[in-house]
Protein chains: 2
Amino acid sequence: MSDTTNIKALLDSDTTLARRPSLGEEAAEKLREMILLEKFPPGTALPETELSKALGISRTPLREAMRLLEIDGLVEHSDTRRARVAAPSLEELAQNLMVLGALEGLAGEQVCLNATQAQLDLIANLNKRMIEEAPSADPLSAFRLDMEFHRAIVLAAANPSLLETHRQYNARLWRARFISSKRRAHQETKRVMHQSIVDALLARDQNAASNALRRHLDNAVRNIDVAMKEQSQGPIDNNFTGRAVK
Amino acid sequence: MSDTTNIKALLDSDTTLARRPSLGEEAAEKLREMILLEKFPPGTALPETELSKALGISRTPLREAMRLLEIDGLVEHSDTRRARVAAPSLEELAQNLMVLGALEGLAGEQVCLNATQAQLDLIANLNKRMIEEAPSADPLSAFRLDMEFHRAIVLAAANPSLLETHRQYNARLWRARFISSKRRAHQETKRVMHQSIVDALLARDQNAASNALRRHLDNAVRNIDVAMKEQSQGPIDNNFTGRAVK
DNA sequence: ATACAGTTTTTTGTATACAGTATTCAAGTA
DNA sequence: TACTTGAATACTGTATACAAAAAACTGTAT
């Protein structure tokens, strides 16, 4: 074996050579952020020419970005193929949450069966961090940590397809859940439920884990209902039908 | 109200005006068929220029088709972005079946809760037809009927996102399950399991329905394992790495 | 004012050209 | 033979042009 073979092996293995993202992927990332943070509120029209100019790219990669966002349920197309920011009804959100519950329930079962102790510890640690940082953290960071907790569970299930589908449902539910997460009243119930999830996982009790995760999301349906009604009566009137704000 | 208003209202409502599909959607449909029926065996390279010429379209809509097929898990891209027919390992198939099981389990629960009696009858009827036609039908029609049965259950769950995600997982599992379905030995177990699914749904017993559906798919993992090993030892040597057959 | 028809403007679908990468192949070297 | 190198080839990413479809707008008649 020559010593250059070693070099090649090293280059292949160690660096996670993330091939540079395409313009479409980059655009999707920027747009995703803007949609989630409501720079583009639900219902906003997303004309290709205007957006591509704004992002300094041509329509070809922009269209790729739109398709990526459509996969995540953040963009939808009218019957005449005009793209807009998705504006799911409460019913649709509830339906998506139900699927998310089934996915996380499965993940919980698999974690009980297959996860290493290190992975369990990591999940438990995230929960601990959430409790500690809860009083001081701003709503966005707190919510991101919450999402990371759920993602860690699915990650430990060691099922790439499940992880990807979970990511998609998370994306399309992100906004509604973020709004809901800001309600003080929900914080304490959330804490209790997270604890029961962690307890079930550490005990490797499949049924308890699955049930705790699904109940947690059943609860989310109710919270979102309340939170959204509350917000729509609030002082700031969101633009639900207009065009992209420049 | 003028009488022309009536005409407009009628045109809007009654025809399910399926907007004409784009070239990309049409191409995806053709390619999907060819992949599922193994005209393009797993691993086959799918270069854009060659395929677009073969289909008589330009690369732009062809690329859209590839993305559609990637969503369904029928096409995957190498690390250097070259497309090929997906060639899932047995492990990946098992992982996908697990997710499918969770999705159908959820569907079963929802059917018990929400489906109309008419929808339940439709499902029971499909099962009846399967039993009746089983002896005479060719493997492909029999399998299509089987898939229709499962789809009818998810349809009756009245959750569009669930239906779409279920469709995607079905697509990526289609080939393996079709191969498995041809084994005589599996026919009888399948019949029994289908019956227990129908019984649970008719009784609107959520837990029984969910469990029957999930067990059915757990069983599929084992069957696919056996069937694939059997086939790979068979007389016809499939092309697993070559280029598109012309 | 409302509804309608015809026209203009906007927007999307598709083809094509070209640049940048990846792959293949052939010749040369140890 | 096995390995490297460099040129030739094939393939993908992106920009752009043009056609077809949809939406917005205009003036007119009711």
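**Interface between chain B and chain A**

Chain B and chain A bury about 2,300 Å² between them, of which 49% lies on carbon and sulfur atoms, buried area being the accessible area (1.4 Å probe) that two parts lose on being put together, summed over both. This is a predicted model, in which local features need pLDDT of at least 70 and side-chain atom pairs count only at pLDDT 80 or more, whereas totals for chains, interfaces and linings use all residues. Residues are numbered from 1 along each chain as its sequence is written, chains are lettered from A and ligands numbered from 1 in the order in which they are written, and side-chain values use heavy atoms, with hydrogens and water left out.

The contact (heavy atoms within 4.5 Å) takes 28 residues from chain B and 28 residues from chain A. Within chain B, the most area is lost to chain A by Arg67(B), Arg81(B) and Gln95(B), which together account for 22% of what that side buries.

Across the interface of chain B and chain A, 4 salt bridges are found, a salt bridge being a side-chain nitrogen of Lys or Arg within 4 Å of a carboxyl oxygen of Asp or Glu. The side chains of Glu25(A) and Arg81(B) meet in a salt bridge, with an N to O distance of 4.0 Å.

The side of chain B that touches chain A divides into 11 nonpolar, 7 polar and 10 charged residues, where Ala, Val, Leu, Ile, Met, Phe, Trp, Tyr, Cys and Pro count as nonpolar, Asp, Glu, Lys and Arg as charged, and the others, Gly among them, as polar.
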